[in-house]
Amino acid sequence: RTPIKEMILAVVPTVSRETSVGEVMKCFLRNGSNKALVVDREQHLEGIVTVMDLVAAGVDGDSDGGKE
């Protein structure tokens with residue numbers, strides 16, 4: 001069995017609610033991650049966004065978050 005300490009990310013990318021979908025996607029690519037924490041100005045956790053969230057929403061990768 002793999003201990004959880006070997007599975008956690010040392011640094012988890014963070015974004016805000018105002019971050020564009022395109023910037024979130026760039027964040028995923030820069031960090032080699034498929035998830036990011038959504039935080040407020042005080043760095044309090046508001047949620048998590050994942051690549052699958054974007055896929056489920058039908059996001060096509062436009063920087064403005066537009067759909068196909």
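## Where Ser33 sits

Between which two elements does the loop that holds Ser33 lie? Ser33 is placed in the loop between α1 (21-31) and β2 (35-39); helices (H or I, at least four residues) and strands (E, at least two) are DSSP runs, numbered from the N terminus. This is a predicted model, in which local features need pLDDT of at least 70 and side-chain atom pairs count only at pLDDT 80 or more, while totals for chains, interfaces and linings use all residues. Residues are numbered from 1 along each chain as its sequence is written, and side-chain values use heavy atoms, with hydrogens and water left out.

Ser33 counts as buried because its relative accessibility is 12% (buried is under 20% relative accessible area, exposed over 50%, partly exposed in between, with a 1.4 Å probe and protein chains only). The side chain of Ser33 reaches the backbone oxygen of Lys35 at 2.8 Å. Leaving out residues up to four places away in sequence, Ser33 touches Leu9, Pro13 and Phe28, where contact means heavy atoms within 4.5 Å. Just after α1, Gly32 has a positive phi of about 60°.

## The helix and the core

Helix α1 has Gly22, Val24, Cys27 and Phe28 as its buried residues. Their cover includes β1 (14-15), β2, β3 (45-50) and α2 (51-56).

The largest nonpolar core has 8 residues: Val15, Val24, Cys27, Phe28, Ala36, Val38, Val49 and Leu54. Here α1 and β2 each supply at least two residues, and α1 gives the most, with 3 residues. Such a core is a set of buried Ala, Val, Leu, Ile, Met, Phe, Trp, Tyr and Cys residues joined through side-chain atoms within 4.5 Å. In soluble globular proteins, nonpolar side chains tend to be buried together. Take Val49: not counting residues up to four places away in sequence, Val49 touches Val15, Val24, Phe28, Asn34, Lys35, Ala36, Val38 and Leu54.

## Out on the surface

Ile8 is found in the segment before β1 and, at 59% relative accessibility, counts as exposed.

## The whole chain

The protein has 2 helices and 3 strands, and from the N terminus on its elements run β-α-β-β-α. Of its 68 residues, 18% count as buried. Among contacts between residues at least 6 apart in sequence, 30% join residues at least 24 apart. The accessible surface comes to about 5400 Å², of which 53% belongs to carbon and sulfur atoms; accessible areas come from the Shrake-Rupley method with a 1.4 Å probe, and for residues only the protein chains shown count as cover.

Definitions and conventions
A polar contact is a pair of N or O atoms within 3.5 Å; within protein, one must be able to donate a hydrogen and the other to accept it, and residues adjacent in sequence count only if both atoms are side-chain atoms.
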